[in-house]
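Hi there,

Here is the structure I promised to pass on. Please have a look at it first, and then read on for my notes.

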Amino acid sequence: MATIDIKDVTKVYPNGFKAVERINLSVGQGEVMCLLGPSGCGKTTTLRMVAGLEDITEGECQIGGRRVNELLARERNVAMAFQFYALYPSLTVAENLKFPLHAEGRSHAEMDAKVRQVAKTLQLESVLGRKPAQLSEGEKQRVAVGRSIIRDPECFLFDEPLSRLDVTLREQMRGEIKEVLSGLSKATVIVTHDQLEALTMADRIAVMRAGIIEQVATPHDIFAKPANLFVAGFIGTPQMNLIPASFTGMVGGHGGFALPGGQKVLVQVDPAVGGLAAGTGVTLGIRPRNLEIMPEPVPDGLTLQVDIVEPMGAETLAHLSDGAQSMRVVCDWRVPIDEGDRLHVRFQPGYVHVFGPDEQAVRS
Ligand code: ATP
């Protein structure tokens, strides 16, 4: 079975810095797991420990059910692709692709067949005779990916594989890599700090912060059910509005909240919120696209002033405030909004998140 299991793994660098602390992660056969998080949170360290490029201080890493802590990188049968593709400049694309196969003692006919197969998958057939200097960035990236999938490793590890591409190529490559990986049935770990890359390519995402894993879930659940304040604020563009509030109690299935500055809202919330004591300090979360502009004030909404209007093409992003708090709303570009307007916004039912004093989502 091509699986990766990381069990209670900690990494302390020789200078005493703890980069990763007791993380647990299982990547199943055929699964693509993205490690996502801000710079310095320990993503690359985690990947390098799986690859065998960094010692594991505590805990265990298994590949295919076998402990690999003591194995050298080359004994682990993993394929890695880095953001710096490191192609051999004097070799053609075909020779670059073939390079990893030399160590496997295959016949020339076998190696050529493999190169043709990988070139076909990654649409590199027309450039097989070129040297890296004669390739576009996207083609170079595909050669690097091809070189890592040409062998038959137990798993794939990618470190920011698309970071050097421009926006259009990234979009295209995200789809291509996803398609290639889905045909390989291996465990794959992709490190990225780009949430769109993670949301589009992953089967599951592990969100990391400061050496720990904050949540592991499907892209849908990471977005729709963030486990805590950090994940809520980290995923989604524009960022989720996070509003400090005081819980005042449940009224007919709706939660009442008092906001700084005196405004009150009564919004549909998860029934678990009813378990909080009145007066508990919480954070309300609502995404800018889930605020609805209303013609008049509503109990499940607020009235705020428009400070800044940012046209974004199909949509408009407006920054609102009432002196005590600020929020952002995204609406269709045809909605007329001007700076200085007073706007009534409603919290759409089913989209309000409540985070308790421990910053965890209050959810049943
Ligand atoms: P980025 O997205 O910027 O690459 P990352 O999440 O991949 O970040 P890591 O490269 O895993 O982060 O680094 C995690 C932390 O460990 C950082 O604070 C980094 O400075 C630190 N670190 C990395 N390598 C070493 C080292 N050899 N010795 C000491 N500290 C290190």
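Predicted model: local features only at pLDDT ≥ 70, side-chain atom pairs only at ≥ 80, totals over all residues.

Of the 364 residues in the protein chain, buried residues make up 50%. The C-alpha atoms fill a box of roughly 75 × 45 × 35 Å along the principal axes. The protein chain holds 8 helices and 20 strands. Among its contacts with a separation of 6 or more, 66% are between residues 24 or more positions apart.

Now to the domains. The protein chain is divided into domain 1, covering 4–234, and domain 2, covering 241–355. Taken over C-alpha atoms, the centres of domain 1 and domain 2 are separated by 39 Å. Where the two meet, 7 residues of domain 1 are in contact with 5 residues of domain 2.

Which domains does its lining draw on? Domain 1 and domain 2 each give at least three residues to the lining of this pocket. There are 25 lining residues, and A224, G350, Y351, V352 and H353 are those that lie nearest the centre of the pocket. At least two lining residues come from each of α6 (195–201), α7 (219–224) and β20 (353–355), and α6 gives the most, with 3 residues. Sorted by class, the lining has 13 nonpolar, 7 polar and 5 charged residues.

Between α8 (229–234) and β11 (241–251) there is a loop that contains P238. The peptide bond that joins T237 and P238 is cis, with omega at about -10 degrees.

That brings me to some other backbone details. Most residues other than glycine have a negative phi, and most peptide bonds are trans. Two residues other than glycine are worth a look here. D8, in strand β1 (residues 4–12), has a positive phi near 50 degrees. R22, in strand β2 (residues 18–27), also has a positive phi, near 45 degrees. Are these residues buried or exposed? D8 has 33% relative accessibility, so D8 counts as partly exposed. R22 counts as exposed because its relative accessibility is 52%, and the cut-off for exposed is over 50%.

Helix α1 (residues 43–51) is mostly covered, with 7 of its 9 residues buried. Those buried residues are K43, T45, T46, L47, M49, V50 and A51. G52 follows α1 and has a positive phi, near 95 degrees.

Last, a residue in strand β18 (residues 326–332), namely V329. V329 has a relative accessible area of 0%, so V329 is buried. Which residues does V329 touch, leaving aside those up to four places away in sequence? V329 touches P288, L291, I293, T316, L317, A318, L320 and L343. P100, by contrast, is 229 residues from V329 in sequence and 51 Å from V329 in space, C-alpha to C-alpha.

Best wishes

Technical notes: Residues numbered from 1 in each chain as written. Heavy atoms only, no water. 1 Å grid on protein atoms, 1.4 Å probe; cavity = no way out; pocket = protein on both sides within 12 Å on 5 of 7 lines; lining within 4 Å. Helix = DSSP H or I, 4+ residues; strand = E, 2+ residues; numbered from the N terminus. Nonpolar A, V, L, I, M, F, W, Y, C, P; charged D, E, K, R; others polar. Domains from an automatic or database assignment. Buried < 20%, exposed > 50% of the residue type's maximum accessible area, 1.4 Å probe, protein only. Contact = heavy atoms within 4.5 Å.
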